[in-house]
Amino acid sequence: MNLYLTRRFYLVNLLIILVLVCGYIIPVFFVAGKLAIGAFVVLTAFDGWLLWKKKDGLSAERTCAGRFSNGDENPVHLVVKNSYPYHIQIEVIDEIPDIFQRRDILFPLKIAPGGCREIVYQLRPVKRGEYGFGQIRLFASTYIGLVQRRFTYGQPVVIKVYPSYLMLHRYELMAMSNNLTELGIKQIRRIGHHTEFEHIKEYVKGDDYRVINWKATARRNQLMVNSYQDERSQQIYSVIDKGRVMQSAFNGMTLLDYAINAALVLSFVAIHKEDKAGLITFSSDFETFVPASKQTGQMQVILESLYRQQTAFGESDYSSLYVHLDKHVSKRSLLVIYTNFANIIGMERQLNYLQQLARQHVVLAVFFENTELKAFARRNPQNSEGYFRQVVAEKFIYEKQYVTTILRHHGVYSLLTTPDQLSIHVINRYLEMKAQHLL
């Protein structure tokens, strides 16, 4: 049944009833009430006829991306057209996926005869996976407004939510225009000369005299210099811990999702810098392995590999990670390990394996600051219990910072950052390490 009675319908009914009740006191009101009932019935019927005289008086269409970007605002467009020869009041309801738990996707519109209106709203998923959209419901009423007619358009559709490729596109556009500094990426000055020989060329004014090739100069009887280029084709692996330590949430997203987004962006920047990007995930077992490469299509391979990653409920096995890395990755590489050491004890359990990895590779351990704990520690305590809790909070904050010192002492580079700044800080550290020839 597509007929609905409006609020105005019930208000008019209530008014007529009040007039009829008054008729028991003043008879003229009773006569007026009966006339009002007749007029009301005719007006309701006419209102319904205006809505139902045209079979397809309205139409609606939803357009959005074929896939959504996790953690980003994704636009959804609704286009509503009015084929009636008069103005129509419309309430538009789009049946969005239940996981969003939003009750504000209801848009009141007034469309002129033959007119068209576009609605744009944003959805921000915080979890990867498949999201199901329903249909578009239109509730139309005329200027009389006593009844509504429901129109249903569109078919249910499933949208896949991938790691943050919208962030990736922003980095790509900025990189193409050399404006990465607008995103917070630092311009890193290289220390010393470039280390990879390219070719010998004739000396031109402005060349560094320290790279003159005296043997080639003697053979050619003119000044010749060595030309160098940036070191390239270094292997950069994003190693993502999927254990229970990565289940903590920040702004609705788990630490695993932040790590996945950062790994995707780091892979893009590494390939843009002519390095090879790869991916490793592990928890209680060694799971995903994407060999480092800079070939066309590598980013799509990494994106698809990251799409279905989920956290586990057990503790991650770093011994398994070490054994499989020793088997699969023979060339010295940069291993960016995304994990979360809650305290010194948690770090010390894995320290031996991190040391062994650091003997063969360059290891950067990335873990997260507890922003809520820091905010709590900044509060002014009101009583002795408050002081006690603040001291405990400051102890946990200090332990996190002390972990970085211990790791550095054992030859493991570290990065302590907030989840929202993870991508920026990881890329800056990668560029710093590359500039310092640590890779």
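**Surface patch, open sheet and nonpolar core**

Y24, I25, I26, V28, F29 and F30 together make a nonpolar surface patch of about 670 Å²; patches take residues with over 30% relative accessible area and no salt bridge, nonpolar side chains (Val, Leu, Ile, Met, Phe, Trp, Tyr) being joined within 5 Å and like charges within 9 Å. This is a predicted model, in which local features need pLDDT of at least 70 and side-chain atom pairs count only at pLDDT 80 or more, while totals for chains, interfaces and linings use all residues. Residues are numbered from 1 along each chain as its sequence is written, and side-chain values use heavy atoms, with hydrogens and water left out.

**Patch**
- F30 lies in helix α2 (residues 27-52), and F30 is partly exposed, with a relative accessible area of 32% (partly exposed is between buried, under 20%, and exposed, over 50%, with a 1.4 Å probe and protein chains only).

**Sheet**
- Three strands form an open antiparallel sheet in the order β2-β4-β7, where strands pair if DSSP finds at least two bridges between them.
- Because β2 (58-64) and β7 (116-123) are edge strands with a single partner each, one side of each is left without a neighbour in the sheet.
- β4 (residues 74-82) pairs with β7 in the antiparallel sense over eight bridges, and P75 stands opposite Q122 in β7.

**Core**
- In the largest nonpolar core, which has 43 residues, I240 and Y338 touch the most other members; such a core is a set of buried Ala, Val, Leu, Ile, Met, Phe, Trp, Tyr and Cys residues joined through side-chain atoms within 4.5 Å.
- Elements that each supply at least two residues of this core include β14 (235-241), α5 (255-272) and α11 (422-435), and α5 gives the most, with 14 residues.

Definitions and conventions: Areas by Shrake-Rupley, 256 points an atom, 1.4 Å probe, with all protein chains shown as cover. Salt bridge = Lys/Arg side-chain N within 4 Å of Asp/Glu carboxyl O. Helix = DSSP H or I, 4+ residues; strand = E, 2+ residues; numbered from the N terminus.
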